[in-house]
Amino acid sequence: MQDRGGTIRCHKEINIIKTRSEFKEAEEAMNALRAAEEYEVRETLKKCTWADPGDIAFYRNDKSQRNRRKILDGLVKDRRCPVCGQLKIKAKSWVVNRFATMALCRSCYVRVREVPPDQRETVSVSLYAAPIERFELNIEELTKLRTRANVSQEEFARVAGWSRSRQRDLESERVQSIGKETLESVLDTLAHFGLIVSNNPD
Ligand SMILES: [Zn+2]
């Protein structure tokens, strides 16, 4: 990923400005932000690996942040909240309404939108399902058992019904836990190659 030197530099500048001048605060901070933003765009474009989905997501996010700042420039140029009057520099500290006609600082928005406890309604829906059972796999034991059965990763994977790289992942730190189905396939495959596992969890 990119180094985010621009952002860090800009935060430093803002801190210096805050201690110096009350009046020029907003304007200078905005200029610092803009400079940092331009720097970041240049660096991002320079370093962005377009084959890397993470990089593309980062760039898109960066672009949407710039659009947000543009909207805020039109609504609250001085970055002072119309309700509480506080100075909020970061674009993330603002909430803009759907038609981009009004902006509130996030804490004012949260306060305005909070429904009092006695006005809350109970809704009965299927928002989430029952917890899914996961198992921590002892990767060392799996490798030992596979070796004991005299089976290669490739062969094991073929019988289990997944790829060689999936098998490699299962036997490495990469996989933290497995689902019930995968566990059953592992046990079935071991049985296929002559080993019935009597599990002793610790
Ligand atoms: Zn506010």
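**Notebook: core, loops and a helix pair**

I started at leucine 104: skipping its neighbours within four places in sequence, it is in contact with Cys81, Val83, Val95, Tyr109 and Val112. Contact here means C-beta atoms, placed from the backbone, within 7 Å.

Housekeeping before going on. I am working with a predicted model, where local features need pLDDT of at least 70, side-chain atom pairs count only at pLDDT 80 or more, and totals for chains, interfaces and linings use all residues. Residue numbers run from 1 along each chain as its sequence is written.

**Overall layout**

I found eight helices and four strands in the protein. These are DSSP runs (helices H or I, at least four residues; strands E, at least two), numbered from the N terminus. Along the sequence I read the pattern α-α-α-β-β-α-β-α-α-α-β-α. Of the contacts with a separation of 6 or more, 54% join residues 24 or more positions apart.

I also looked up burial: 11% of the 202 residues count as buried. Buried means 20 or more other C-beta atoms within 10 Å of the residue's own, exposed means 12 or fewer, and partly exposed is in between, with C-beta atoms placed from the backbone.

**The core**

Back to leucine 104, which belongs to the largest nonpolar core, together with Leu72, Ala91, Trp94, Ala103 and Cys105. Such a core is a set of buried Ala, Val, Leu, Ile, Met, Phe, Trp, Tyr and Cys residues joined through C-beta atoms within 7 Å. Strand E2 (residues 103–105) gives the largest share, three residues. In soluble globular proteins, nonpolar side chains tend to be buried together.

Next I checked leucine 75, in helix H3 (residues 53–75). Leucine 75 touches Val96, Met102 and Ala103, leaving out residues up to four places away in sequence. Methionine 102 is 27 residues away from leucine 75 in sequence, yet the two are 6.5 Å apart, C-alpha to C-alpha. Leucine 75 has 16 C-beta neighbours inside 10 Å, so I put it down as partly exposed.

**Two positive phi values**

Most residues other than glycine have a negative phi, so I noted the exceptions. Alanine 100 has a positive phi, near 55 degrees, and is found in the loop between strand E1 (94–96) and E2. Alanine 100 has 13 other C-beta atoms within 10 Å, so it is partly exposed.

Asparagine 150 is not a glycine either, and its phi is about 60 degrees, again positive. It lies in the loop between H5 and H6. I counted asparagine 150 as exposed because it has 9 C-beta neighbours inside 10 Å. As for helix H5 (residues 139–148), one of its ten residues is buried, so the helix lies largely in the open.

**H6 against H8**

How do H6 and H8 cross? The axes of helix H6 (residues 153–160) and helix H8 (residues 180–192) come within 9 Å and cross at roughly 115 degrees. Axes are lines fitted to C-alpha atoms, for helices over the stretch in contact, with angles from 0 to 180 degrees between N-to-C directions. H6 and H8 are therefore roughly perpendicular to each other (65 to 115 degrees; under 35 is roughly parallel, over 145 roughly antiparallel, the rest oblique). On the H6 side the contact uses Phe156, Val159 and Ala160, and on the H8 side Ser185, Val186, Thr189 and His192.

**Past H8**

Last stop was proline 201, in the segment after H8. With 6 C-beta neighbours inside 10 Å, proline 201 counts as exposed. Asparagine 138 is 63 residues from proline 201 in sequence and 9.8 Å from it in space, C-alpha to C-alpha.

Note on methods:
Contact = placed C-beta atoms within 7 Å.
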